[in-house]
Amino acid sequence: MAENAHQSAAWVDIPVAAIDPVSTALLKNFLNENGFAYELSHRFFSVPIDEVERLEERVTTWAMRPALPPDPRVTYSLDETLRDLGEVVLLAISAAKANVAPNYAPAAGIDLTDHRDLGSTEP
């Protein structure tokens with residue numbers, strides 16, 4: 001993506017953490033195979049908002065298939081994994097559509113290691 005387009009594009013942030021290798025690999029493969037531009041951080045996949053309609057359509061086809069009959073031999077199937085991942089993507093799209101303030105930068109995540117007292121006025 002060109003630098004100017006990168007700076008002016010709004011983004012849909014999909015909260016799939018890099019520490020989840022299965023979901024990360026599945027989503028990365030899906031985005032690459034369908035020609036979506038994206039940014040990847042440790043906690044998010046960020047897709048340009050102008051791709052949101054196509055993303056929603058493709059994810060629905062890819063992940064929201066009729067459930068297969070339960071298989072007692074497995075505790076978690078690929079079908080369930082895809083459905084869960086699809087729900088995460090669709091919820092991120094819904095949140096982006098409902099957001100009143102445009103998101104002009106891909107998400108870098110929230111620093112959860114900052115243990116400052118939230119009630120304190122000191123830095």
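Modeller: Start with the rule for angles: over 145 degrees counts as roughly antiparallel. Keep in mind that this is a predicted model.

Biologist: Why are helix 3 and helix 4 called roughly antiparallel?

Modeller: Helix 3 covers residues 52–63 and helix 4 covers residues 78–98. They pack at an angle of about 160 degrees. The cut-off is 145. Helix 3 and helix 4 are therefore roughly antiparallel to each other. Their axes are 9 Å apart, and the crossing of helix 3 past helix 4 is left-handed.

Biologist: Which residues make the contact of helix 3 with helix 4?

Modeller: Helix 3 supplies V52, E53, L55, E56, V59, T60, W62 and A63. Helix 4 supplies L82, R83, L85, G86, V89, L90, I93 and K97. By class, that contact has 10 nonpolar, 2 polar and 4 charged residues.

Biologist: Which residues of helix 2 and helix 3 meet?

Modeller: From helix 2, L26, F30 and L31. From helix 3, L55, R58, V59 and W62. This contact of helix 2 with helix 3 divides into 6 nonpolar, no polar and 1 charged.

Biologist: How many aromatic pairs are there, and why is the pair of F30 and W62 called stacked?

Modeller: The count comes to 3 aromatic pairs. For F30 and W62, the rings are 4.4 Å centre to centre, with 25 degrees between the planes. Centres must lie within 6.5 Å to pair, and planes under 30 degrees apart count as stacked. Both values pass, so F30 and W62 form a stacked pair.

Biologist: What does the pair of F30 and W62 tie together?

Modeller: F30 lies in helix 2 and W62 in helix 3, so the pair ties together parts 32 residues apart in sequence.

Biologist: How do you know that helix 2 is roughly perpendicular to helix 4?

Modeller: Helix 2 and helix 4 pack at about 70 degrees, with axes 11 Å apart. The angle falls inside it, so helix 2 is roughly perpendicular to helix 4. V22, S23, L26 and L27 of helix 2 make the contact with L78, T81, L82, L85 and V89 of helix 4. By class, the residues of this contact divide into 7 nonpolar, 2 polar and no charged.

Biologist: Where is A96, and which residues does A96 touch?

Modeller: A96 is found in helix 4. Leaving out residues up to four places away in sequence, A96 touches V12 and I49.

Biologist: What is the average pLDDT of the protein chain?

Modeller: The average is 78, and 68% of the residues score at least 70. Over residues 1–8 the pLDDT is below 50. Beyond near neighbours in sequence, that stretch has 10 contacts in the model.

Key: Residues numbered from 1 in each chain as written. Predicted model: local features only at pLDDT ≥ 70, side-chain atom pairs only at ≥ 80, totals over all residues. Heavy atoms only, no water. pLDDT = per-residue confidence, 0-100. Contact = heavy atoms within 4.5 Å. Axes fitted to C-alpha atoms, helices over the stretch in contact; angles between N-to-C directions. Helix = DSSP H or I, 4+ residues; strand = E, 2+ residues; numbered from the N terminus. Parallel < 35°, antiparallel > 145°, perpendicular 65-115°, else oblique. Left-handed = near helix turned anticlockwise from the far one by under 90°. Nonpolar A, V, L, I, M, F, W, Y, C, P; charged D, E, K, R; others polar. Phe/Tyr/Trp six-rings, centres within 6.5 Å; stacked < 30°, edge-to-face > 60°.
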